[in-house]
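Me: I would like to go through the labels used for this model and set each one against its criterion. Could we start with the term on which the others rest?

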Amino acid sequence: MHEQSEAKPDARRLMGDLAAYRDADRARSLFELGITAVPFVLLWVLMWAALDAGYWLGLLLALPAAGFLVRLFMIQHDCGHGSFFRRRSTNDWVGRAIGVLTLTPYDSWRHSHAQHHASSGNLDRRDIGSINTLTVAQFRARTRLRQLLYRLYRHPIVMFGVGPAYLFILRHRLPTDLMRSDWQSWVSAMMTNLAIAFLFAAVIWLIGVVPFLLVQLPITLLAASLGVWLFYIQHQFEDTLWEHDPDWNFHDAALHGSSHYDLPPVLRWFTANIGVHHVHHLSSRIPYYRLPEVLRDRPELRHIGRLTLLQSLKGIRLALWDENERRLVSFAEARTATVR
């Protein structure tokens, strides 16, 4: 269980105070973009060059390359919130360009992610841009087959292995749910697919399809799994906050329903401070490189929803929301849970 602060901050008032950190620094943003994109490209080329010396040698470079790709995705994420640059058009076009590398159509992802922020922690709106989470009562009310399917969905191999691969390689290619609701984002997704096809075709023409796959697939699969893990642990921890619509409010759900994933400095850098997720959800217009300033100036926020790397591993077994205990529980714990 994570640490709790003694005094519970007023989330609504705090959101207003955090407005002071929302200004992006153009030079800093360009610097952050450069020190992320350039090393990623260099590592990709080094992996390809190392193929002649032995695939396993080159494969060692896949992990740092995946780390830089995750960091690129976090920059794309900030662009989607309009926080990386001051001008929206700059955010949008940089985000779309990065989306070609992360295999994530920027406009459709921004659309669904905005809905996630608007409904996070709401038990009556859980399917919008979030990981599906049932209550204990809902799970018990399902048929044996549907219970089995939910168990399969929540299994670590599916959640952090098969699922991320499907999401980034296949699902993002055809966001059919947007064809009627947001056709402009759907068209943008198709343009992203076209740009990906041109980029990949050019690289394959230069180095061949087999070398391309030997380099690109490990990086993509690792980055996808790391990205989904980060998204998972930001809200799937024992003492997160869920409420039904009448009792739900944005500010408390943002601050207390999102974790502070207190990672070691190197991992904090590669994940672009996304672990300071409770502050991010409360004020998503803060650029990621200013989030440490918030924790420095407001030390009381360091302990809200705090999870260490070791503590976060316990979150893998959590799968159901216990409305009586008001915490996430495992399938084993749910067997003895009392349902109201």
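Reply: Helices are DSSP runs of H or I with at least four residues, strands are runs of E with at least two, and both are numbered from the N terminus. The model is predicted, so local features need pLDDT of at least 70 and side-chain atom pairs count only at pLDDT 80 or more, while totals for chains, interfaces and linings use all residues. Residues are numbered from 1 along each chain as its sequence is written, and side-chain values use heavy atoms, with hydrogens and water left out.

Me: Why are Tyr150 and Tyr153 said to be separated by about one helical turn?

Reply: Both belong to helix α8 (residues 144-154), where they are three residues apart, which is why the separation is given as about one turn. An α-helix has 3.6 residues a turn, so residues three or four places apart point the same way.

Me: What makes the aromatic pair of Tyr150 and Tyr153 tilted?

Reply: Rings of Phe, Tyr and Trp (its six-membered ring) pair if their centres lie within 6.5 Å, and planes under 30 degrees apart count as stacked, over 60 as edge-to-face and the rest as tilted. For Tyr150 and Tyr153 the centres are 6.3 Å apart and the planes make 35°, so the pair is tilted. The whole structure has 20 aromatic pairs.

Me: How do you know whether Tyr150 is buried or exposed, and what is Tyr153 called?

Reply: Buried means under 20% relative accessible area, exposed over 50% and partly exposed in between, with a 1.4 Å probe and protein chains only. Tyr150, at 2%, therefore counts as buried, whereas Tyr153, at 31%, counts as partly exposed.

Me: What is the pair of Trp229 and Tyr232 called, and why?

Reply: Their ring centres are 5.9 Å apart and their planes lie at 20°, so this pair is stacked. Trp229 and Tyr232 are three residues apart in helix α12 (residues 209-233), and hence separated by about one helical turn; Trp229 and Tyr232 are both buried.

Me: Why is the length of helix α5 (residues 88-102) said to agree with expectation?

Reply: The expected span is 1.5 Å times one less than the number of residues, so the 15 residues of α5 should span 21 Å, and the end C-alpha atoms, 20 Å apart, agree with that. The buried residues of α5 include Asn91, Asp92, Val94 and Ile98, and their cover includes α2, α4, α6 (106-119), α9 (156-170) and α11 (183-207), contact meaning heavy atoms within 4.5 Å. Just after α5, Leu103 has a positive phi of about 60°.

Me: How does α11 compare with its expected span?

Reply: Its 25 residues reach 36 Å from the first C-alpha to the last, close to the 36 Å expected. Among the buried residues of α11 are Ser188, Asn193 and Phe200, and the helix is followed by Gly208, whose phi is positive, near 100°.

Me: What makes His278 count as it does, buried or exposed?

Reply: His278, in helix α15 (residues 277-282), has 0% relative accessibility and so counts as buried. Beyond its neighbours within four places in sequence, His278 touches residues including Ala254, Ser258, His260 and Leu301.

Me: And which label does Ser112 receive?

Reply: Ser112 lies in helix α6, and since its relative accessibility is 26%, Ser112 counts as partly exposed. The C-alpha atoms of Ser112 and Pro175 are 11 Å apart, although 63 residues separate them along the chain.
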